[in-house]
Amino acid sequence: MKLPYPRGPVSQILLNALPRNDASDALPQLLTAAGHALAATDDVLYDDDLQLALFCLYELHYGGLDGVDDRWEWDVQLLQVRALIEQQVEARLRESVDVSAPHTLTPQAVADRLFKLAADDDGPSVSAFLAKEATPEQAKEFVVLRSVYQLKEADPHTWAIPRLRGRAKSAMVEIQADEYGGGKPGRIHAELFANTMQGLGLDPSFGAYVDCIPAITLASVNAMSLFGLQRRLRGAICGHLAIYEMTSSIPNGKYARGFRRLGFGVEVTEYFDEHVEADAVHEQIAGRDLAGGLIAQDPALAADVFFGAGSALYLDGLAGGWQLNAWTAGRSALRQPLDPGREVPVAVGASA
């Protein structure tokens with residue numbers, strides 16, 4: 001990913017330091033700046049500076065950053081900064097999410113509770129808006145907002161595989177194998193999403209639009225990395241994936257209908273059509289075998305499984321609310337318009 005533009009003192013120090021061979025002088029300043037920013041922020045989930053910094057720190061563990069030495073990935077001082085931000089993000093989510101598990105912890109009871117969580121979710125429906133009302137410009141914005149996850153789809157969840165065993169591990173591998181195209185070149189879901197972007201005339205390279213992405217969207221992606229990269233949160237990443245699969249099939253059908261309504265063909269809709277069928281199968285495996293199987297092996301992880309699931313729904317609701325509030329008010333949901341020459345009011349602040 002090319003280095004984005006900084007959004008405040010934390011990301012400014014970080015992005016200035018990373019391309020340098022010796023930035024030891026800047027790292028104590030970075031830790032201090034992160035501490036000040038965390039103390040001053042109104043809401044870490046909507047803080048552009050902190051979420052961008054966290055996103056870039058996580059990207060060191062994925063595809064890396066252009067012009068940045070790979071050895072930064074395990075720099076102790078950077079890990080300290082990351083941990084400092086992570087602590088506040090996790091605390092913010094734990095304050096907001098119900099982690100109550102069913103009294104009976106059989107795999108089927110766990111799946112039933114997760115299905116009920118999904119059914120009871122009353123968050124804003126971006127899929128319904130896209131199916132019936134979105135303009136071509138808003139549909140493009142939707143894809144741009146999704147691109148910071150979908151172009152590396154499944155990768156944050158895959159971190160969990162070596163941390164699982166037995167039934168849960170088998171379920172995770174089965175789901176992830178489909179996400180990676182079953183070994184067929186060109187069928188990786190991230191590649192299908194790149195095709196969608198190309199069909200819309202968008203740049204399909206990862207991170208091309210990071211400067212356009214608001215903090216709350218980055219926060220929803222960062223939460224996956226937070227859960228996936230830490231063994232202690234293996235329950236949370238499994239719960240996150242389970243609810244993600246359970247709430248995917250129907251919305252993807254609506255996304256596909258929306259793009260067809262706007263006149264786009266299979267080159268744009270194939271990604272969404274693929275998920276209608278695949279995720280309808282995955283939802284049972286994810287609920288019963290992954291989440292339920294994990295809790296059956298280790299009941300102490302039950303609260304974290306439901307924390308991960310609840311966090312996914314909560315963050316999806318916040319990010320979806322951001323988009324719909326902006327679009328219904330006639331604003332862009334992006335931090336800056338895709339076309340710099342076109343004057344478009346953009347969403348600013350947590351209330352957008």
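**Exercise 1.** In this predicted model, the buried residues of H3 are Asp 49, Leu 50, Gln 51, Leu 52, Ala 53, Leu 54, Phe 55, Cys 56, Leu 57, Tyr 58 and Glu 59; determine which helices they pack against.

*Solution.* Residues are numbered from 1 along each chain as its sequence is written, and side-chain values use heavy atoms, without hydrogens or water. Local features need pLDDT of at least 70 and side-chain atom pairs count only at pLDDT 80 or more, while totals for chains, interfaces and linings use all residues.

Step 1. Helices are DSSP runs of H or I with at least four residues, numbered from the N terminus; H3 spans residues 48-59.

Step 2. Buried means under 20% relative accessible area, exposed over 50% and partly exposed in between (1.4 Å probe, protein chains only). Eleven of the twelve residues of H3 are buried.

Step 3. With contact taken as heavy atoms within 4.5 Å, the buried residues pack against H1 (9-17), H2 (27-40), H4 (76-96), H7 (136-150) and H11 (215-228).

**Exercise 2.** Identify the salt-bridge partner of Asp 48 and state which parts of the chain the pair ties together.

*Solution.* Step 1. A salt bridge requires a side-chain nitrogen of Lys or Arg within 4 Å of a carboxyl oxygen of Asp or Glu. The side chain of Asp 48 meets that of Arg 7 at 2.7 Å, N to O.

Step 2. Asp 48 lies in helix H3 and Arg 7 in the segment before H1, so the pair ties together parts 41 residues apart in sequence.

Step 3. Asp 48 counts as partly exposed, at 25% relative accessibility, whereas Arg 7, at 14%, counts as buried.

Note on methods: Helix = DSSP H or I, 4+ residues; strand = E, 2+ residues; numbered from the N terminus. Expected span 1.5 Å × (residues − 1).
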